[in-house]
Amino acid sequence: MATEHALAQPVAREYRLQRARSQFFEEGVLPEDGVPEQIVDSWVRCRDLGLDRASSEARDHADRLRLAEARDRSARLVEHASGVMEHVFEQIRASGSLVILSDARGTIVHSLGDAEFVDKASRVALQPGACWSEAARGTNAIGTTIAASAPTVVLGGEHFLDHNAFLSCTAAPILDPRGTLAGVLDVSCDQRAHQRHSLGLVRLSVQLIERRLFETEFANEILVAFHERPEYVGSLQEGLIAVTADGMVVGANSIAREWIHRRLETGTGGTFAELFRQGLGKIADRVRSSSDALVRLNLRDGSDLYVQLRSMRAHVRSAMDAPAAADGGRPAVLAEAGGNRAPADKGRIVLETLATGDAGIARAVDRARRILGKDIPLLIQGESGVGKELFATAFHNSGPRASGAFVALNCAAVPESLIESELFGYVGGAFTGARKEGSIGKIQQAHGGTLFLDEIGDMPLGMQARLLRVLQERCVTPVGSLKSIPVDISLVCATHRVLRDAVARGEFREDLYYRVNSLTVALPPLRERSDIRCIVDRLLRLEAAEAGRGELSIGDDVMRFIERYAWPGNVRQLHNVIRVAVALLDPDEDEILPSHLPEDLFLADPVDDAKPSPQGPGPGMPPAVAATAGGLAALEPGARRLDQLEVELIERVMREVGGNLSAAARTLGVSRNRLYRKLGRAGARQAAGG
Ligand SMILES: Nc1ncnc2c1ncn2[C@@H]1O[C@H](COP(=O)(O)OP(=O)(O)OP(=O)(O)O)[C@@H](O)[C@H]1O
C-alpha cells in the first residue's frame with residue numbers, strides 16, 4: 001500500500017503530486033490520484049485541525065524537559081530500540097539519513113544520524129524533544145503512523161507543511177507485548193536520497209524491537225514459538241506466546257495474536273490447551289531430552305503446527321516437573337506464580353518477587369532488570385543481612401541464564417589461602433593436600449550461568465589481579481595448569497563496604513573496581529524500608545510452612561514495634577526472630593504474641609526516636625519503656641501501650657480459666673514463672689498508677 005507510489009517515475013510522480021496539492025489546497029477538492037489514500041486522509045485530518053500548510057512556525061519546538069519526561073516514560077522502549085537503531089544506522093550510514101525513535105505521542109526520544117543531515121533536520125526540529133504528531137506538524141511519517149496505526153511513507157511534497165517538503169520519511173508503529181502502541185521507528189532523509197528498501201528495513205527493525213520488548217516483559221513465563229512450517233520457527237515470522245506455568249496464555253506477538261484470533265472466536269487469551277488442543281506437558285517432556293526440540297503438534301482441524309519452547313525459567317521448569325493435573329495434560333498450578341513465592345526459596349525467587357512496596361528496593365529492581373541478559377556486571381551494595389545474596393539469586397533467575405548454574409563464593413568467609421583454588425580450581429597434585437583428581441573452581445562451575453562474589457571488598461589483592469584477568473580474557477587457568485579454559489559467566493558482586501574508599505586506601509584495585517562496578521544497586525537497611533509488614537508476612541508464611549502449620553498472624557500492635565525497631569542485623573535478624581517465635585508457639589496457637597518475641601524489641605529505643613514524645617514519658621515507667629510507648633503514642637494518638645494490652649490479655653485469659661495460673665500460662669504460651677513475673681510487674685505498675 002505505502003510503497004507503490006514510490007515506484008513511479010520521479011518526474012511524472014512529482015507532476016501528479018503537485019497537481020494533487022493544488023487540487024486539495026487551492027481548489028478544496030480531494031485528489032483522486034497522485035498521492036496515496038493514506039496521505040489524503042491525513043491532509044484532511046490536518047486541515048480539520050486548522051493547520052496552515054504555508055506556516056513555517058512550528059506549533060511546537062524541541063523541549064528538554066519534555067524530552068526528559070518522555071525518555072523516562074519510555075525508558076524500556078529506548079533501551080531495547082537503541083541497539084536495533086544502531087544496526088539500522090550501520091545499514092544506511094553515509095546516505096544522509098536519520099534513524100528516529102518517537103514515543104506513542106510522537107515525541108522524538110532518540111535519534112542517530114549523519115552529521116550533515118542532523119543539522120539540516122534540526123532546522124525543522126526533527127530532533128529529540130520535538131513532537132511530530134500530526135497536530136503539531138501535519139502529515140509526516142511519525143504522526144501519520146500514529147494516527148493511522150499503520151506503516152507510512154511520506155515523500156517530499158506529501159508532507160502537509162511546505163517547509164517539510166525536503167524530507168522523505170518512512171515509519172512503522174512499535175507495539176508493546178499487549179498490542180498497544182509503544183512508539184514509532186522512523187528513517188528520514190533528504191527526499192532526493194530516498195531508498196525504496198527503507199520500509200522493509202524499518203518493518204524488520206520494528207519486529208526486532210517488539211521481540212525484545214516481548215521477551216523482557218515475559219521473562220518469567222514460558223515462551224512458546226510456533227509456525228505451520230518448521231523452517232519458520234526461529235525466524236521473525238514465527239508466532240510467539242507467553243504462557244504461565246499453569247497454562248494460561250498471557251501474551252502474544254502480533255503474528256500469534258492474529259493466529260489466536262482466527263482460532264478462538266473470543267480473541268486473545270485462553271489456555272495453551274484450548275489453543276493447541278494439547279497440554280504443555282508434551283512439549284516439556286521433549287524439551288527435557290533436548291532443549292531446542294521442535295515438537296510437531298497435530299491440531300484437531302487436521303493441520304500440523306511446529307512448536308518450540310523458547311525459554312523456561314528454573315521455577316517454571318520445576319513446576320512443570322510436578323505431576324500433571326487431571327485436566328488433560330496441563331501442568332500443575334504453581335502456587336507461587338502470582339508472586340507469593342516463598343522468599344527464601346532461592347531457586348524460585350525472581351526480581352519482581354522482591355519488589356514488595358519499598359521505593360528503594362523498587363529502584364534497585366528496576367535498575368537491575370534493565371541489564372538482564374546484557375553482559376554488564378552488577379554490584380550490590382548494602383549492610384550485612386539486607387538480602388544481597390537473595391537479590392543476586394533473583395537477578396540470576398530473572399535473566400536468560402536462569403537455567404544455568406548460580407554459584408556463590410563468600411570472599412570474606414574463605415581463608416585467603418583457599419580463595420585461589422576455590423575460584424580457579426586446580427589440577428590433581430597441584431599443591432599439598434590437593435585432591436588427586438583435582439577440582440573445578442567456582443568460575444568454571446558458573447560457566448553458562450552466574451558467579452556471585454559476596455564481600456568482594458574482602459578479596460585479597462593478589463586474587464583481584466587474577467580475577468581481573470579472567471574478566472578481561474574470559475578464560476580461567478586452574479592452579480597448576482598451563483591450559484586456559486574459556487568461560488562464559490555473568491558476574492554479580494556484593495559488598496557492605498564503600499568500594500571507592502577501599503580503592504582510595506589501596507585495598508582494592510581501581511581497574512577491578514571499574515570492572516565490577518558497571519551498575520550498582522543499593523539495598524536499603526531494613527529500618528529504612530516501608531514494606532516491613534510485607535516481609536514479616538512472607539517470613540511468617542515461610543516459617544509456618546516449614547513448621548507444617550496453618551496460617552499464622554501477628555497483631556497490629558506487635559507489628560508496630562517490629563516496624564519501629566532498628567534491626568541492626570537487617571532481614572536476617574528479622575528472619576531469625578520470626579523463626580524462633582514460630583517455634584515457641586503452642587500447637588493450638590496461631591498468633592505471635594509479645595511473649596514469643598525477644599524483649600529487646602519492646603525495650604529498645606525506636607529508630608526515629610529523635611522525635612520527642614508530645615506526651616512525655618508515662619508515670620512510673622523506666623526510661624526505655626517510656627521512650628518506646630511515648631513514641632508509639634506519638635505515632636497514633638490514643639493507641640494503647642503494649643504492656644497495657646498484655647495485662648488486659650492476661651486478665652481475660654485468667655478470667656476464662658477461672659484463675660488457674662497453669663492453664664493461663666498454657667493458653668498464653670509462656671511458662672508459669674514468666675506469667676508470675678508479668679502479673680507481678682503489672683500489679684506493681686497498677687499500684688504505681690501507670
Ligand atoms: N526481601 C526478603 N524477603 C524475605 N526474606 C529475605 C528478604 N531479603 C533477605 N531475606 C532473608 O534474609 C536473610 C539474609 O539474606 P542474604 O543472605 O541474602 O543477605 P546478605 O545481604 O547477602 O547478607 P551478608 O551481607 O551477611 O552476606 C536470608 O535468610 C534471606 O532469605
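Two strands pair if DSSP finds at least two bridges between them. Keep that in mind as you work through this predicted model.

**Exercise 1.** Work out how strand 15 and strand 18 pair, and over how many bridges.

*Solution.* Start by finding strand 15 at residues 450-454 and strand 18 at residues 490-495. Next, look at the bridges: there are four, and the pairing is parallel.

**Exercise 2.** Find which strands stand at the edges of the open sheet.

*Solution.* First write down the order of the five strands, 12-15-18-11-19, with parallel pairing. Strand 12 (406-410) and strand 19 (519-522) each have a single partner strand, so one side of each has no neighbour in the sheet; these are the edges. From one strand to the next, the twist averages 20 degrees.

**Exercise 3.** Describe how helix 21 and helix 22 pack.

*Solution.* Two packed helices are described by the angle between their axes and the distance between the axes. For helix 21 (residues 532-546) and helix 22 (residues 556-564), the angle is about 115 degrees and the axes are 10 Å apart. Angles of 65 to 115 degrees count as roughly perpendicular, so helix 21 is roughly perpendicular to helix 22. The crossing is right-handed. Now list the contact: Ile 532, Arg 533 and Val 536 come from helix 21, while Met 559, Ile 562 and Glu 563 come from helix 22. Sorting these residues gives four nonpolar, two charged and no polar.

Methods
Residues numbered from 1 in each chain as written. Predicted model: local features only at pLDDT ≥ 70, side-chain atom pairs only at ≥ 80, totals over all residues. Axes fitted to C-alpha atoms, helices over the stretch in contact; angles between N-to-C directions. Helix = DSSP H or I, 4+ residues; strand = E, 2+ residues; numbered from the N terminus. Parallel < 35°, antiparallel > 145°, perpendicular 65-115°, else oblique. Left-handed = near helix turned anticlockwise from the far one by under 90°. Contact = placed C-beta atoms within 7 Å. Nonpolar A, V, L, I, M, F, W, Y, C, P; charged D, E, K, R; others polar.
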